[in-house]
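Please find below a colleague's note on the structure shown here. It is arranged as numbered points.

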Amino acid sequence: MKSNSFAMGDTGIQRKLGTICIFGTGDFGRSLGLRLLQAGYGVVFGSRNPKDSSLLPKGTQVLSHAEAAQTAQVIFVAVHRENYDFLGQMAEGLAGKVLVDVSNNLKRNQYPESNAEYLSTLVPAASVVKAFNTVSAWALQSGGLDANRQVFVCGDQCEAKQMVVDIAHSLGLTALDRGSLRVAGEIEDYPLLLFPLWRLPMAIATGLTAAFFVYVLIQDVVYNAVVNGKDNSFRIMISLANKVFPIVSLIMLALCYLPGVIAAFLQLYNGTKYRRFPDWLDRWMLCRKQLGLVALALAFLHVLYTLIIPIRYYVRLRLNDWTISQIKRNKTETLDTTMAWRTDSYYSIGVLGFAFFVLLGITSLPSVSNAMNWREFRFVQSKLGHLTLLLCTAHTFLFGWDKFLRPYKWYIPPGYMLSLILPCIVLVLKLVLITPCVDRTVTRIRQGWERKPAGQAGVNGTTSSQPLML
């Protein structure tokens, strides 16, 4: 590799990292060239029009493709697949070079083979590596501080891949080797996926919100219009929304912890941790973070809607009417200690539950979770997470108080009662799992112990089914 020297900082230390060639002078090529230049590499651009170089970083060279290819061992191909034809014509001059394909497509399965595999057929004597296609030009310009630092790498030659990995590391990026060039198609699909882990949580949130909105609409607005002949449709904007958001938030918080409980019981049933979970459970567990963040967003909305209740016209009017009626009747309400305890407990537990909820959301941020060890992260997300679910469930119970004893409108229970079903199931199942006998067995299974078929002797002479104390 031909090497050039560059001064790094004020120390005068000279680094010799070599020269990198880039085919393509678009946004990505220019951003990559600047970043490589700042890291200490010599950068040579290969262009079909070498004279037009006004936008390129200072300190770089611009040559024709053929001339630029002779200056470096590693060549970044930052052009679209439709413009690969010139590479086939240069196949002889590119023999033995490492070609880094950074291209992406406009849609999935656009071509029968990946761009990197197609490039390898055009230049069979070169070592083609797929990398840097998941890093944007903006990420390179920002230094990776506020963007994705991960670079997926695949190729058939280990030496070529290692050279690309070293370059990624020198740019402050994290390289992940995904295997041979056959994986290139999968890597090229990554930038085309639109929030893949958010689709299921958003679908669940949308479905639950729509279902419960219709449910409370029937109970609140339709019932009063049909039975009492009153029009209180104005309650849709705030009152009904403030009923739906906490209901959906509590259910989605329970959905965050239900798959973990199911997984634990499956491990108990199977007697091993080495049996694969069902695909639906795997997918569910992968999107738990997104489920929790959507639930937190709905909880925020609930808090905001609650804060504006005192300034609503309807509420102020009702309060004024009640005050005037009390004055006219010359009546003073006595303090109801039970109601005072109920309301104070309701608000206090709600505030604590929301505070822990926010803490869970903060620790799920990569910048925070990366600073925690596994035990700390597990304590917050598991122990405090279940405590948050318990507090939010208690908050809902205190809201209902004795309403479950009152007659139901059209014989259907209030929405908040339905929202308590799933959290109560999760908490009861978790209570079973933390009992000493069950917890001890689950811990052993997760440490690698396996329950052998009944009748087979264990290491200490007892049957292996005995330790599973259920």
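This is a predicted model: local features need pLDDT of at least 70, side-chain atom pairs count only at pLDDT 80 or more; totals for chains, interfaces and linings use all residues.

1. Residues are numbered from 1 along each chain as its sequence is written, and side-chain values use heavy atoms, leaving out hydrogens and water.

2. Helix α9 covers residues 239-270; helices are DSSP runs of H or I with at least four residues, and strands are runs of E with at least two, numbered from the N terminus. α9 bends by about 30° at Y257, with the proline P259 following within four residues. That bend is the angle between axes fitted to the seven residues ending there and the seven starting there. G271, with a positive phi near 75°, follows α9.

3. Of the 32 residues of α9, 25 are buried, so the helix is largely enclosed by the rest of the structure. Buried means under 20% relative accessible area (1.4 Å probe, protein chains only).

4. The largest nonpolar core has 50 residues, and F212, V248, M252, L291, V426 and L433 touch the most other members. α9 gives the most to this core, with 19 residues. Such a core is a set of buried Ala, Val, Leu, Ile, Met, Phe, Trp, Tyr and Cys residues joined through side-chain atoms within 4.5 Å.

5. Eight strands form an open, mixed sheet in the order β5-β4-β3-β6-β7-β8-β9-β10. Strands pair if DSSP finds at least two bridges between them. β5 and β10 stand at the edges, each with a single partner strand, so one side of each is left without a neighbour in the sheet.

Key. The expected span of a helix is 1.5 Å times one less than its number of residues.
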